[in-house]
Amino acid sequence: MPLVDAEVPAVQVARLARGVKKVAAIDQMSRAMSPEEEEVARMDKKYESIDLWAVADQLRNNVKVRDRMYHFKVYPKTCIGFELSKTMIKLRIADNVAEADYVGNLLVTAGLLMHCVERHDYETAYLFYRFAVDAVDRVNFDHIDIKAVE
């Protein structure tokens, strides 16, 4: 006995086709993006060609970078997350805080900005961040013998 009956009535074929369409519609609805995913996709598209070096340089020149103390520990050459976000909005790098957080995370991912103890991604909060150019100044090269490297 064949598995598929060659003489399937047209009504059954139509029902089967409607069922497949319903399943496809339900599958497509489940693939629909949430509002958060849509916002991230919009920001991905908006900032896909951003020059992160230029943004980091602009921020570095417009944000107050100084030594800060937290729990009796000094963190040299840092700036504060919410000041960075405020400056991004003021310089029209970002339109709102969500976009400022997105751009800040792009800078962190690129290694141009980092949390002072590298425990956080970028947040608009009272957290200390350091630009990569300022972190390089902290490295001590005194122990390296230049002649041995040559």
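Predicted model: local features only at pLDDT ≥ 70, side-chain atom pairs only at ≥ 80, totals over all residues.
At what angle do α4 and helix α5 pack, and how far apart are their axes?

**View 1. Helix α4 against helix α5.** Here α4 meets helix α5 (residues 97-110) at an angle of about 110 degrees, and their axes are 9 Å apart. Angles of 65 to 115 degrees count as roughly perpendicular, so that is the word for α4 and α5. On the α4 side, look for S85, M88 and I89; across from them, α5 brings V97, A100, D101, V103 and G104 to the contact. Sorted by class, this contact of α4 with α5 has 5 nonpolar, 2 polar and 1 charged residues.

**View 2. Helix α3 against helix α5.** Helix α3 (residues 52-62) and α5 cross at roughly 110 degrees, with axes that come within 10 Å. That puts α3 roughly perpendicular to α5. From α3 come L52, V55, A56 and L59, and they meet V103, L106, L107 and A110 of α5. The class count for the contact of α3 with α5 is 8 nonpolar, with no polar and no charged residues.

**View 3. The open sheet of 4 strands.** Read across the sheet and the order is β1-β2-β4-β3, with antiparallel pairing. β1 (66-70) and β3 (113-115) sit at the edges with a single partner strand each, so one side of each has no neighbour in the sheet. From one strand to the next, the twist averages 55 degrees. Helix α4 (residues 81-90) packs on this sheet and touches β1, β2, β3 and β4 (128-131). The direction of α4 makes about 15 degrees with that of β2.

**View 4. The hairpin of β1 and β2.** Strand β2 (residues 73-80) runs antiparallel to β1, and 4 bridges join the two. Y70 has K73 of β2 as its bridge partner, while M69 stands opposite V74 in β2. The hairpin has 2 residues between the strands, and H71 takes a positive phi near 50 degrees.

**View 5. Where β2 meets β4.** These two strands also run antiparallel, joined by 2 bridges.

**View 6. The largest pocket.** Its volume is about 200 Å³. The lining is made up of Y70, Y75, H115, C116, V117, R119, H120, Y126, L127 and F128. By class, that lining has 7 nonpolar, 2 polar and 1 charged residues. Some names carry over from the strand views: Y70 is among the lining residues and is the bridge partner of K73.

Terms used
Residues numbered from 1 in each chain as written. Heavy atoms only, no water. 1 Å grid on protein atoms, 1.4 Å probe; cavity = no way out; pocket = protein on both sides within 12 Å on 5 of 7 lines; lining within 4 Å. Points joined across faces, edges and corners; volume = space filled by probe spheres on them. Nonpolar A, V, L, I, M, F, W, Y, C, P; charged D, E, K, R; others polar. Pairing = 2+ DSSP bridges. Axes fitted to C-alpha atoms, helices over the stretch in contact; angles between N-to-C directions. Contact = heavy atoms within 4.5 Å. Parallel < 35°, antiparallel > 145°, perpendicular 65-115°, else oblique.
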